[in-house]
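Subject: Structure handover

Hello,

Here is the structure I promised you. Please open it and keep it beside this email while you read.

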Amino acid sequence: MEKTFYITTPIYYVNDIPHIGHAYTTIACDTIARYKRMKGYDVHFLTGTDEHGQKIQTAAQAQGITPQQLVDKIHMNFKDLWRVLNISNDDFIRTTEDRHIRVVQAMFKKLMDKGDIYKGTYSGYYCVPDETYVPENAIIERDGKKLCPDCGRELTIMEEESYFFRGSKYVPELIKYYEENVKSVMPRVRYNEIMSFLKGGVRDQSVSRTSLKWGIPVPGDEKHVIYVWFDALINYATAVGYLDDPEMFAKYWPNVRHMVGKDIIRFHCVIWPLMLLALGLPLPVEVVAHGWWTVDGEKMSKTRKNVVDPVKMVRDYGLDPFRYFLLREVPFGNDGDFSELALVGRINSDLANDLGNLLNRTLQMIKSYRNNIVPSCDASSELSEMAEKTLSRVDEAMNNFTYDEALKAIWEFISRANKFIDETMPWKLAKDESQSAKLDFVLLNLYEALRLSALLIAPTMPDTAKRIFTQLGLDAEPLTMNYDSFRWGDGAGTTTRKAEVLFPRIDIEEWKKAREAKKEEAAMKPEGLPEIAIDDFAKVEMRVARITKCEEIPRSKKLYKLEVDLGYEKRTVCSGIKAFFTPEELVGKTVILVTNLKPVKLCGVDSNGMILAASVKHDGVAEQLTLLTPDDKNIPLGSRVS
């Protein structure tokens, strides 16, 4: 019987900047996909982007383009990162694709026809950034404000006509399923969380919006668009042919596993399975939730400027060390702390000292003592017995998505092989002709330990596995080999190649000096304001204007009263630029004006806007001021600056 395995990442919201969290989930999925292929499974690995919702609509408006034009451009951020991270996905789905829109509408209509989607009115506390209503029992109250439990921002009360999914009807069936399939939600702490939530009662879910236009229309009622989470979850079924390829769907869907961050586990372990039960479809075999990353003990955030850029990590330390570190450093499912110092430590100890030295020492000895030819003999040994146990331990760990345990098992085997060198002392055996057979035995065992180690690390570090194979004299691609076909001793007779350093050691002291130099350089940069999202920038309206009149304001040493022409209207603006310009220098000058500031009264004059300028300051006092002006003096007044 054919073995199939279907693994999915969550689809990533395109308005996010790809960071270590996205990389972590996707590398984890990539590793299990590669492992299962090497175990003989027919694997389908899906990732993609979530491209509907209010934030996309707002960002597109700010840029003066359509939402579709925006997502066509920025979804490439994720595709480009997956190429950098050597991700082996079989499909990349976008929720704006026609194949997905058709499936979403078909499922929605099927549930409407069954009476499991009905129209009503929804009122509740709504989180605009997360585009979701928040149950009252989950709301955080602080300083008299009601805050979102996920993002911490203030909630607004919204009431609108909505379609509802009658999910509550299927809760008892879902509880029964989870009680009978305890491993369907992993790790166990997340299973307990979901069971507690289900037993606390689940209300019917609002699954449409009228206040939003950028989404999939409700079939037969285009005043409504389908709620972005209802739309997004269905991608997993779309990608394996729910409508278009029933044979493919029947093959892969019963073997689907979802990997997600712990923050979206309720969508995947409550709403999604309730939808599947209503549709009469099999539930996911497993939903695996991983934890969050901190950075050097602090929460990762744009404000702290400590968001880890995966591309930079790959550039600075190499792809395979980065992949290895993410999966080895923390138990999968737990929160983890990302530290570059810890990454350097792993490179030096695990990769350079343990694996790199084993390869280099073994190849040098085979070259010196056997002219690069791997000896032939009976290779049964303590190492060969440990090899069998290691294969079994790795398989058990990978099936449980405990990547760190799998890598621990592999490195225990590598460490044992290094110890085997110290115990047998091949350099002494080589000096005694009577020990020639024992030397053959030792060299063959070491060679086989490396051959197996390369296969075992291939899913996590595919490039490194290939480099080891090349040095071992093997032209095969490790990832195309099947673990079940590995036989200890089959490498006898192979001609090895030149030994090369796998992972150069990083000088810690030099590394620390370089880090301090970067910090000093960063400290010299002028301190800016906290980063803002594109949505925040979109709230600022700037237009081209011309100063037509400049008057002094009695009793004011800093302010001029300016009249500016926007082409479609004239305004009065007070500007604190008196110390830097004469009225004659200002009249006729084309400038950039912030036009949507709230009017304010300054020295008795109503000011309606703000002229933009750049300043050079010393000890906080401006010594030089330059007004921002467009290069093209012929640009029409009133033109929007974006």
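First, a term: a residue is called buried when its relative accessible area is under 20%. Keep in mind that this is a predicted model.

Start with helix 13, residues 319-329. Ten of its eleven residues are buried. They are Leu319, Asp320, Pro321, Phe322, Arg323, Tyr324, Phe325, Leu326, Leu327 and Arg328.

Now look at Leu85. Setting aside neighbours within four places in sequence, Leu85 is in contact with Ala23, Ile27, Val314, Leu319, Phe322 and Arg323. Among these partners, Leu319, Phe322 and Arg323 are buried residues of helix 13.

Leu85 also belongs to the largest nonpolar core, which has 99 residues. Leu85, Phe338 and Trp411 have the most contacts inside this core. Helix 18 (residues 436-457) supplies the largest share of the core, 13 residues. Another core lies apart from it and has 61 residues, including Ile175, Leu198, Ala232 and Trp272. In soluble globular proteins, nonpolar side chains tend to be buried together.

Strand 22 (570-575), strand 24 (600-602), strand 26 (610-611) and strand 28 (621-627) each supply at least two. By class, the lining has eleven nonpolar, four polar and one charged residues.

Then find Ser162 in strand 9, residues 156-165. Is Ser162 buried or exposed? Ser162 counts as buried because its relative accessibility is 0%. Its side chain reaches the backbone oxygen of Ser208 at 3.5 Å. Not counting residues up to four places away in sequence, Ser162 touches Tyr118, Lys119, Gly120, Thr121, Tyr122, Ser206, Val207, Ser208 and His224.

Last, some backbone details:

- Met186 and Pro187 are joined by a cis peptide bond, with omega about -5 degrees. Pro187 sits in the loop between strand 10 (185-186) and helix 7 (188-199).
- Asp143 is not a glycine, yet its phi is positive, near 55 degrees. Asp143 lies in the loop between strand 7 (140-142) and strand 8 (145-147). Its relative accessibility is 73%, so Asp143 counts as exposed.
- Asn371 is not a glycine either, and its phi is positive at about 55 degrees. Asn371 is in the loop between helix 14 (340-370) and helix 15 (382-399). Asn371 is exposed, with a relative accessible area of 64%.

Best wishes

How values were computed:
Residues are numbered from 1 along each chain as its sequence is written. This is a predicted model: local features need pLDDT of at least 70, side-chain atom pairs count only at pLDDT 80 or more; totals for chains, interfaces and linings use all residues. Side-chain values use heavy atoms; hydrogens and water are left out. Buried means under 20% relative accessible area, exposed over 50%, partly exposed in between (1.4 Å probe, protein chains only). Helices (H or I, at least four residues) and strands (E, at least two) are DSSP runs, numbered from the N terminus. Ala, Val, Leu, Ile, Met, Phe, Trp, Tyr, Cys and Pro count as nonpolar, Asp, Glu, Lys and Arg as charged, and the others, Gly among them, as polar. A polar contact is a pair of N or O atoms within 3.5 Å; within protein, one must be able to donate a hydrogen and the other to accept it, and residues adjacent in sequence count only if both atoms are side-chain atoms. Contact means heavy atoms within 4.5 Å. A nonpolar core is a set of buried Ala, Val, Leu, Ile, Met, Phe, Trp, Tyr and Cys residues joined through side-chain atoms within 4.5 Å.
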